[in-house]
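User: Hello! I would like a close look at one part of this model, with the cut-offs spelled out as you go.

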Amino acid sequence: MKKSFRTSGTCASMIDVEVEDGVIIDVGFSGGCEGNLTGVSRLVTGMQVNDAIERLRGITCGRKSTSCPDQLAKALESMQH
């Protein structure tokens with residue numbers, strides 16, 4: 001399943017996610033810190049969705065109440081429902 005998600009409160013504006021049988025196949029961010037987000041994408045590719053959510057949920061960026069990894073966790077959670 002492929003889905004696109006509009007982010008909230010982050011420099012990245014969109015996250016494209018592909019999940020198959022509970023495993024993350026691909027993640028792409030639009031905008032944001034290219035190097036860091038490429039790293040996040042590569043780290044979570046091949047990971048179980050629940051493991052990624054557990055590791056990424058609640059991460060903040062500076063004084064913001066969220067971050068690109070936290071937004072990815074929220075996107076993954078929404079794909080489970």
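Which side chain does a polar contact join to that of Gln71, and at what distance?

Analyst: Happy to. This is a predicted model, in which local features need pLDDT of at least 70, side-chain atom pairs count only at pLDDT 80 or more, and totals for chains, interfaces and linings use all residues. Residues are numbered from 1 along each chain as its sequence is written, and side-chain values use heavy atoms, with hydrogens and water left out.

The side chain of Gln71 is joined to that of Thr66 by a polar contact of 3.0 Å. A polar contact here is a pair of N or O atoms within 3.5 Å; within protein, one must be able to donate a hydrogen and the other to accept it, and residues adjacent in sequence count only if both atoms are side-chain atoms. Gln71 counts as buried because its relative accessibility is 10%; buried means under 20% relative accessible area, exposed over 50%, and partly exposed in between, with a 1.4 Å probe and protein chains only. With neighbours within four places in sequence set aside, Gln71 is in contact (heavy atoms within 4.5 Å) with Thr7, Ser8, Thr10, Ile15 and Thr66.

Now the helix itself. At the start of α3, the backbone nitrogen of Asp70 has a side-chain oxygen of Ser67 within 3.1 Å. The helix has 12 residues and spans 17 Å from its first C-alpha to its last, close to the expected 16 Å, a figure that comes from 1.5 Å times one less than the number of residues. Of those 12 residues, 9 are buried, and α3 is mostly covered. Among the buried ones are Leu72, Ala73, Ala75, Leu76 and Met79. Their cover includes β1 (2–6), β2, β3, α1 and α2.

Cys68 is another buried residue of α3, with a relative accessibility of 13%. Its sulfur is 6.3 Å from the closest cysteine sulfur, that of Cys11, which is too far for a bond. Searching the whole structure gives 0 disulfides, a disulfide being a pair of cysteine sulfur atoms within 2.5 Å. Cys61 is likewise in no disulfide, with the nearest cysteine sulfur, in Cys11, 6.4 Å away. Cys61 counts as partly exposed because its relative accessibility is 43%.

β1 and β2 run antiparallel and are joined by 5 bridges; two strands pair if DSSP finds at least two bridges between them. Ser4 is placed opposite Asp16 in β2. These two strands form a hairpin with 5 residues between them, and Gly9 in the turn has a positive phi of about 80°. β2 and β3 are also antiparallel, with 8 bridges, and Met14 has Ser30 in β3 as its bridge partner. Their hairpin has 2 residues between the strands, and Asp21 there takes a positive phi near 50°.

Finally, α1 (residues 34–44) also contributes cover to α3. In α1, Leu37, Val40, Ser41 and Val44 are buried. Seen down the helix axis, these buried residues fall within an arc of 100°, so they line one face of α1; the arc is that of the directions from the axis to the C-beta atoms. Gly35, Arg42 and Leu43 are exposed on the other side. The buried residues of α1 have cover that includes β2 (12–20), β3 (23–31), α2 (49–56) and α3 (68–79). After α1 comes Gly46, with a positive phi near 90°.

Notes. Helices (H or I, at least four residues) and strands (E, at least two) are DSSP runs, numbered from the N terminus.
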